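Subject: Structure for you to look at

Hello,

Here is the structure I promised to hand over. Please open it next to this message and follow along. My notes come after it.

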Amino acid sequence: MFQPDFATAVDHPTSCQPSRWQDYVVPQDWGHFTPDEHRVWDRLFARQVPYLGARIVSPFLAGIPLLGLDSPGIPELGALNARLTPLSGWELVSVAGIVPDAAFFAMLGERKFPIGNFIRSADSLDYLEEPDCFHDIFGHVPMLGCPAIGRLMEALGRLGVEAIAAGQGDAIARLYWHSVEFGLAREGGDVKILGAGLASSFGEAMHALEADVPRPRFTLRDAANTPYRNDRFQPLYFVADSLEAVAAELEALDLSGLKQLAGPD
Ligand SMILES: [Fe+2]
C-alpha cells in the first residue's frame with residue numbers, strides 16, 4: 001500500500017482491548033541508528049524547514065531551536081526530554097511501532113508521546129508504512145512545547161480513552177486527525193499548517209496549502225463526522241479559526257459532547 005508521507009498512531013485502529021501503555025515502551029538505544037539513518041534525518045530536516053518557513057504556525061518554528069531540534073542527526077530522547085519535560089511536562093517514550101488506539105490515547109492523557117524507534121530509508125523519503133521518528137519528533141514535538149497544544153493533546157488523550165470505551169473511537173480519531181495531524185489554522189490572516197502529518201511531509205504540506213482542494217472551516221461536528229484517508233493525501237483540510245481556538249474547543253469537549261457531535265444533526 002502506498003502512503004504519502006503521513007502518519008499517526010491512531011490511523012490504524014487495531015484493538016479496543018485494554019492495555020497498559022507502558023507495555024509498548026522500548027529502549028531507544030540511540031546507538032543503533034547508523035550514520036546513513038542520521039543522514040536521512042538531516043536530508044528530511046533540510047528539505048522541510050525551508051519549505052515550512054512562514055507556512056506553519058509560529059509556535060512550531062519557535063519550538064525547533066527551543067528544544068534543540070536544529071542539531072544534526074536523529075535526536076536522542078533523553079537529551080530531548082531534558083529540554084521538553086521541564087518546559088511542558090511532556091515526556092517522549094520510544095515505541096517499536098504503531099501503538100493501539102487505547103494505549104496511544106492513554107499515553108497522551110499522561111503527557112507521554114510515543115516515538116517510533118526507526119526512520120524511513122534513504123531511497124524512499126516520501127514513503128511511510130507507519131509513523132517513523134521523523135514524523136513523530138519533527139512533526140509533533142515542536143508543538144508539544146506550545147502550552148495550548150500541550151493541553152489539547154492531554155485532553156484528547158483523556159477523552160480518547162473514555163471515547164474508545166464508550167464505542168466512540170471513530171469520532172475521537174477523526175477529531176485528532178483533522179486537527180493535530182492534518183489540520184490547518186489561521187494565523188495573522190493567513191492559512192497555515194498546524195498538523196504534524198503535514199509538518200513532516202514535504203508533498204502533502206504543499207498539497208494542503210496550494211492544491212485545489214476544499215478547506216472548510218473547522219467545526220467539531222464536521223470534523224467528528226468526516227472520515228479521513230490513511231492511504232493517500234486527504235481529500236480536504238479543515239481550517240481552524242486559530243490554533244488557540246481549536247485547542248480551546250477540543251480541550252472543553254467531554255464524552256457527552258462527543259456523543260452529541262457524533263449523533264444526527
Ligand atoms: Fe502523528
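**Helix α3**

The buried residues of α3 (77–88) are L77, L80, L84 and S88. A residue is buried if 20 or more other C-beta atoms lie within 10 Å of its own, exposed if 12 or fewer, and partly exposed in between; the C-beta atoms are placed from the backbone. Helices (H or I, at least four residues) and strands (E, at least two) are DSSP runs, numbered from the N terminus.

The arc is that of the directions from the helix axis to the C-beta atoms. An α-helix has 3.6 residues a turn, so residues three or four places apart point the same way.

The buried residues of α3 pack against β1 (91–95), β2 (112–116), α5 (133–144) and α6. After α3 comes G89, with a positive phi near 85 degrees.

Residues are numbered from 1 along each chain as its sequence is written.

pLDDT is the predictor's confidence in each residue, from 0 to 100. The protein chain averages 91, and 92% of the residues score at least 70. Residues 1–15 are another matter: pLDDT stays under 50 there. The model has 50 contacts beyond four places in sequence for that stretch. Two residues are in contact if their C-beta atoms, placed from the backbone, lie within 7 Å. Where pLDDT is low, the predicted coordinates should not be read in detail.

**The whole chain**

The protein chain has 12 helices and 5 strands. Its C-alpha trace spans about 55 × 40 × 40 Å along the principal axes. Of the 265 residues, 47% count as buried. Among contacts between residues at least 6 apart in sequence, 72% join residues at least 24 apart.

**The core**

Which residues have the most contacts inside the largest nonpolar core? They are I193 and A199, in a core of 79 residues. Helix α6 (residues 147–165) gives the largest share of this core, 8 residues. A nonpolar core is a set of buried Ala, Val, Leu, Ile, Met, Phe, Trp, Tyr and Cys residues joined through C-beta atoms within 7 Å. Leaving aside neighbours within four places in sequence, I193 is in contact with residues including L52, I56, L184 and A208.

**The sheet**

An open sheet of 3 strands has the order β4-β3-β5, with mixed pairing. β4 and β5 stand at the edges, each with a single partner strand, so one side of each has no neighbour in the sheet. Two strands pair if DSSP finds at least two bridges between them. β3 and β4 (190–193) run antiparallel and are joined by 4 bridges. E187 has D190 in β4 as its bridge partner, and R186 has V191. The hairpin of β3 and β4 has 2 residues between the strands, and G188 takes a positive phi near 60 degrees.

In α9 (202–210), E204, A205 and A208 are buried. They are on the same side of α9, because they cover an arc of only 105 degrees. What covers them includes α1, β3, β4 and α8 (196–199).

In α11 (243–252), the buried residues are L243, V246, A247 and L250. Their arc is only 100 degrees, which puts them on the same side of α11. Their cover includes α2, α6, α7 (169–181), β3 (184–187) and β5 (239–240).

Most residues other than glycine have a negative phi. D29 has a positive one, near 45 degrees. D29 sits in the segment before α1. It counts as exposed because it has 9 C-beta neighbours inside 10 Å. R111 is not a glycine either, yet its phi is positive, about 55 degrees. R111 lies in the loop between α4 (101–109) and β2.

Best wishes

Terms used. This is a predicted model: local features need pLDDT of at least 70, side-chain atom pairs count only at pLDDT 80 or more; totals for chains, interfaces and linings use all residues.
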